[in-house]
Structure formats: structure tokens, C-alpha cells
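Please look at the sequence and the model below.

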Amino acid sequence: MALSKDQILSARDFETKEVPVPEWGGDILVRSLNGAARDKIEAAFMAQKTEGLKAMVVALTACDENGTLIFDQSDVEQLQTKSAAVIERVFEAAWEISGLRAGSIEAAEGN
């Protein structure tokens, strides 16, 4: 039986993952990207504006226990001042659960 519009739109289809961040004193929860966030990332690639992209992904995926984002785009610049190793760890977890390939940012930056 095919799903209805209401069933599709009401489905909770985000995956979440807890990422240990001892440098920040605990763990952070990230969720998979939604379509709008993925579009924003693809637009940055197309415009070749990938500076700060990993911090942007952290802002677009870091969430609370209910899946509500804890950052907004105005926080990206501040996230860029945090440890590169930590941002990379959180980014990689979000990238993975979003079904994106490892190394795709680096490949896009090289093109």
C-alpha cells in the first residue's frame, strides 16, 4: 500500500547521533540534514563558497533531544573560532548520518 501525503510529511525520518566532545565538557547530538539544509550546502558548493562550510554543517545539524536545532546561521562565525579538530569530528558524524560521502567537500574544493 502506498503512503499518503500526510504519512510522509508527518514521518520522523531524521537519524541522530551522539558525538563525544570532551573538549567542550560533554557530548553533542547531531541529526541528519533536511532537504533545505542540503540545498544550502549544495548552493555553497556551486558558488564555490566553501569557507566555513564545516561550521555551517555543525549549525545545521547540532540539536537537542527533541531534534530541535540548537544553533542558527548567525552562530556559524562563532563556531568557526572553535577547535578545528572538534568541528571536524562533529561535521564528520553529521555528514555520515546524512548519507553523504567522506571526502566530498575536499573533492568539491579541488574542482
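How many aromatic pairs does the count come to? This is a predicted model, and the count comes to 1 aromatic pair when ring centres must lie within 6.5 Å. A pair of aromatic rings is described by the distance of the centres and the angle of the planes. A ring can also have a charge over it: Arg31 lies over the face of Phe14, at 4.4 Å from the ring centre.

The hairpin has 4 residues between the strands, and in it Gly25 takes a positive phi near 90°.

Strand β2 has a further partner in the model. Strand β3, residues 62–63, pairs with β2 in the antiparallel sense over 2 bridges. Here Val30 stands opposite Ala62 of β3.

The helices come next. Helix α2 spans residues 35–46 and helix α3 spans residues 53–61. Their axes come within 11 Å and cross at roughly 170°. An angle over 145 degrees counts as roughly antiparallel, and α2 and α3 are therefore roughly antiparallel to each other. On the α2 side the contact is made by Ala37, Lys40, Ile41, Ala44 and Phe45. On the α3 side Leu53, Met56, Val57 and Leu60 take part. Sorted by type, the residues of this contact are 8 nonpolar, no polar and 1 charged.

Note on methods. Residues are numbered from 1 along each chain as its sequence is written. This is a predicted model: local features need pLDDT of at least 70, side-chain atom pairs count only at pLDDT 80 or more; totals for chains, interfaces and linings use all residues. Side-chain values use heavy atoms; hydrogens and water are left out. Rings of Phe, Tyr and Trp (its six-membered ring) pair if their centres lie within 6.5 Å; planes under 30 degrees apart count as stacked, over 60 as edge-to-face and the rest as tilted. A charge sits over a ring if NZ of Lys or CZ of Arg is within 6 Å of the ring centre and within 35 degrees of the ring normal. Two strands pair if DSSP finds at least two bridges between them. Axes are lines fitted to C-alpha atoms, for helices over the stretch in contact, and angles run from 0 to 180 degrees between N-to-C directions. Angles under 35 degrees count as roughly parallel, over 145 as roughly antiparallel, 65 to 115 as roughly perpendicular and the rest as oblique. Contact means heavy atoms within 4.5 Å. Ala, Val, Leu, Ile, Met, Phe, Trp, Tyr, Cys and Pro count as nonpolar, Asp, Glu, Lys and Arg as charged, and the others, Gly among them, as polar.
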